[in-house]
Amino acid sequence: MAGTQPILQVKNLFKRFGGLIAVDHVSLDIHSGEVVGLLGDNGAGKSTLIKMISGAYKPDGGHILLNGEVVSFTTPLEARRRGIETIYQDLALCENLDASANIFLGREKMRHQLGLLRVLDRPYMLRESRQVLNQLDIRIPELRSPIRQLSGGQRQAVSIARAVYWNAHLMIMDEPTAALGVPEQLKVLELIRTLRNQGVPVLLISHNMQDVFAVADRVIVMRRGSKAGEVRISDTNENEVVGLMVGAEYNQVMKQMQNAPEEIHITTHDENDK
Amino acid sequence: MKVSDVATPDTNQDVSGKTPLRPLDIVSRGWSWLFLIILIIFFSITGQGFLNLFNFQTIGADMSLVLIMALGETFVILSGGIDLSVGFVMGLASVAAALVMSSLGSSAPLFVVVLAGLGAGLGVGLIPGLINGLIISRLRVPPFIVTLGMYGIARGAGFILSGGQPVSIQTNSIGQLGNGYLLYLLPDGRYSFFRLPSNLDGVRPSQIVQLLPLPLIFLVVVTLICAWLLSQTRFGRHTYAVGGSEEASRRAGIPVVRHTILIYMLSALLASLAGVLYTLRFSNGAADVGDPLLLTSIAAVIIGGASLFGGEGTILGTVIGALIISIIQNGLIFLSINPFWQFIAVGAVIILAVLVDQAKKKLV
C-alpha cells in the first residue's frame with residue numbers, strides 16, 4: 001500500500017469540550033483495501049474521533065482529507081454524500097420496510113407511468129438490491145419481508161449493503177458485533193473481509209480485541225485523547241495492544257508478573273483520578 | 001452512482017421473490033376481510049332487505065364522508081401521528097363552502113357555483129392543516145396536543161364564520177347534484193345520466209331505477225388516488241419510512257419536516273373535501289357536522305390494521321375498516337335493533353381489532 005494515495009488522511013485532529021480535551025492532535029491514514037482497528041478504553045476519544053470523521057462533530061483543529069482533498073462536513077449527511085458511511089449500532093434502518101426499501105431509502109428509483117406520473121420502480125430496486133447482497137455474499141431469505149423479521153446480523157448486513165451500493169469510499173463501523181450472537185458475529189467479520197477484498201476500507205471500532213485481531217490489518221490505539229500507538233496486527237500481540245491501551249503501568253505489572261508472579265502490587269494511581 | 005466495478009452475480013434467480021403464503025399469514029392478514037364477509041352473510045340471513053343492490057348503494061353513499069376523512073387519517077397515523085382536528089376542519093370547510101354557494105345562489109351556472117364552493121372549502125380547510133404541520137414538525141410539539149388545540153380552534157372558527165347557525169343553501173340543483181345518481185333507468189327503457197329524464201308522465205317514482213350514487217363514485221375516485229399515492233409514489237414510501245423510524249428517515253436524507261407538513265395538509269384537504277361533499281348532499285353547512293365522524297374515522301383506520309405507533313397500514317385496510325363500521329350501522333337498522341347498540345358494536349370491534357393485531361405480532 002505504501003506510496004499510493006490514502007483514501008482517508010486525518011491530520012492533527014483536535015477537539016475539546018470545555019476544559020476537557022477529547023481528541024488531542026490525532027493523525028491517521030487509511031488506504032484502499034485495508035481494515036484498520038481503532039481501540040481504546042472508555043473515554044479514550046474513539047467516538048469523538050469518528051464523529052468528527054463522519055460529520056457529527058466539527059473539529060476544533062486539524063484537517064480531514066478524502067482522496068487527497070481537504071473536506072469539512074457540517075452534517076453526517078454531507079459526509080455520507082462524499083462516501084463516508086458510518087454503520088451505527090442502532091442501525092438506522094426502518095424496521096417496517098423491506099431490505100430493498102431500506103437500501104434505497106431517501107434515494108428511491110422512480111419510473112414514469114402514463115407519461116407524466118412518477119412512481120416507484122420496485123422491480124429495479126429489488127433487482128439491484130439482490131445484486132448488491134449477492135456481491136457481498138449476504139443471504140436474506142425473503143427480500144420482501146420487513147427488516148423487523150430479520151436477525152441482527154442480517155440487519156447489520158443490509159446496512160452495510162446499502163453503504164456499498166451507494167459507493168462508500170470508507171466504511172466506519174462502531175461496535176458492529178456488540179449486539180450479536182457468536183455465529184452472527186462471525187458473519188459480520190466475514191463481511192468486513194469481503195469489503196476489504198472489494199477495495200472498501202473499513203475503520204472498525206470495537207471493544208472486542210479478538211474481533212480486531214481477526215480482521216484488522218492495522219490497529220490504532222487511543223489513550224486519553226491521544227494516539228498511543230499504531231501497529232500492524234502481524235507485528236504485535238494482544239498483550240502489547242492492551243499495554244498501549246492502558247499505558248505504561250500495565251507493562252510494568254506484566255513484567256512483575258513474569259518475574260515474581262506471587263507478589264503483585266497493582267498500582268492504578270493516576271488511571272482513575274482524572 | 002452505484003458500484004459497477006464488480007463481477008455481476010447470477011441474475012437468473014426468481015426476480016419476483018415470492019414465497020407461498022402460510023395459512024397463518026392469510027388468517028392474520030385477512031381477518032378483517034373474513035369478518036366483513038361474516039357480517040354480510042349474517043345480516044343477509046337475519047335482516048330482511050339488507051342483501052339488496054340499492055341498500056349497498058346507500059351504504060356506499062353514506063360512508064363516503066367518514067371514509068374520505070379516514071383516508072387522510074390513514075396517512076397521518078401511518079407516519080406515526082394523529083389528527084384530532086379533522087372533524088371540525090370538515091365542519092369549517094362545509095361552512096365556507098355553504099356560505100359561498102348560498103351567496104352565489106343561482107346567479108351563476110351550477111358548475112361555477114360548485115367549483116367556487118369547493119375552492120372556498122378546501123382553501124379555508126387547508127389553513128389548519130398547514131398550521132398543524134408547521135407546529136408539529138418545526139416546533140416538535142406532539143401531534144396529539146397540536147391537533148387537540150386545532151380541534152378547538154377550528155370549532156370556534158367554524159361557529160364564528162357561520163354566525164353560530166347552520167348555513168343553508170336554497171338552490172335546489174346543488175342538492176340534486178349531491179344526492180344524484182350516475183344513471184337513471186325508466187321502466188319503458190328510457191335512461192339518462194346525472195339527472196332524471198325530463199318527461200316523467202305516467203312513471204311512479206318507485207319505478208325509477210337509480211344506479212351508482214354520485215357520492216359513491218366520487219368516493220371511489222378519491223380512494224383510488226389515495227391508494228396510488230400511498231403504494232406507488234415516493235410520498236407514500238416516505239410516509240411509511242417516517243412512521244417506521246423518523247431518525248432513520250432523517251439520516252437517509254428524507255426531508256422529514258417538509259413531509260410531515262404535507263401529511264397534515266393532506267389530512268386537512270381530505271377532511272375539507274368531506275365537508276364540501278356534506279354541503280352538496282345536505283344543502284347546508286355547519287361547524288359541528290364533522291365532529292361525530294372523527295372517532296369513527298380513526299376507528300376505521302385501526303380496524304383496517306394500521307398501528308397507532310405508525311409504519312403499518314394500507315388504504316385497502318381503511319376501506320375495509322370503514323365498510324365494517326358502516327355495515328354494522330346499516331345492518332342493525334334492518335334488525336330493528338335500538339340504534340344505540342351500534343355504538344357498542346363498533347366499540348367492541350375496535351377492541352377486537354387491536355387484540356387480533358397483538359396476537360398476530362406474537363405469532364410472527
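**Exercise 1.** Find where pLDDT stays under 50 in chain A of this predicted model, and decide how to read that part.

*Solution.* Start with the stretch itself: pLDDT remains under 50 across residues 270–274 of chain A. Then turn to the elements of chain A: helix H10 (residues 269–273) has the lowest mean pLDDT, 47, while helix H3 (residues 99–103) has the highest, 95. For the chain overall, the mean is 85, and 88% of residues reach 70 or more. Finally, the reading rule: where pLDDT is low, predicted coordinates should not be read in detail.

**Exercise 2.** Work out which residues touch the most other members of the largest nonpolar core.

*Solution.* The core has 171 residues, and A:Ala161, A:Leu204 and B:Met69 touch the most other members. Helix H11 (residues 256–282) of chain B gives the largest share, 16 residues. From chain A, domain 1 (1–83 + 169–236) and domain 2 (96–168) each supply at least three residues. Now zoom in on A:Ala161: leaving out residues up to four places away in sequence, A:Ala161 touches A:Ile103, A:Val132, A:Leu133, A:Leu136 and A:Ile138.

**Exercise 3.** Decide whether helix H12 (residues 291–303) of chain B is mostly covered or mostly open.

*Solution.* Count a residue as buried when 20 or more other C-beta atoms lie within 10 Å of its own. By that test, 10 of the 13 residues are buried, and H12(B) is mostly covered. Among them are B:Leu293, B:Thr296, B:Ser297 and B:Ile303. Just past H12(B), B:Gly305 adopts a positive phi of about 100°.

Terms used. Residues are numbered from 1 along each chain as its sequence is written. Chains are lettered from A and ligands numbered from 1 in the order in which they are written. This is a predicted model: local features need pLDDT of at least 70, side-chain atom pairs count only at pLDDT 80 or more; totals for chains, interfaces and linings use all residues. A nonpolar core is a set of buried Ala, Val, Leu, Ile, Met, Phe, Trp, Tyr and Cys residues joined through C-beta atoms within 7 Å. A residue is buried if 20 or more other C-beta atoms lie within 10 Å of its own, exposed if 12 or fewer, and partly exposed in between; C-beta atoms are placed from the backbone. Helices (H or I, at least four residues) and strands (E, at least two) are DSSP runs, numbered from the N terminus. Domain bounds come from an automatic or database domain assignment. Two residues are in contact if their C-beta atoms, placed from the backbone, lie within 7 Å. pLDDT is the predictor's confidence in each residue, from 0 to 100.
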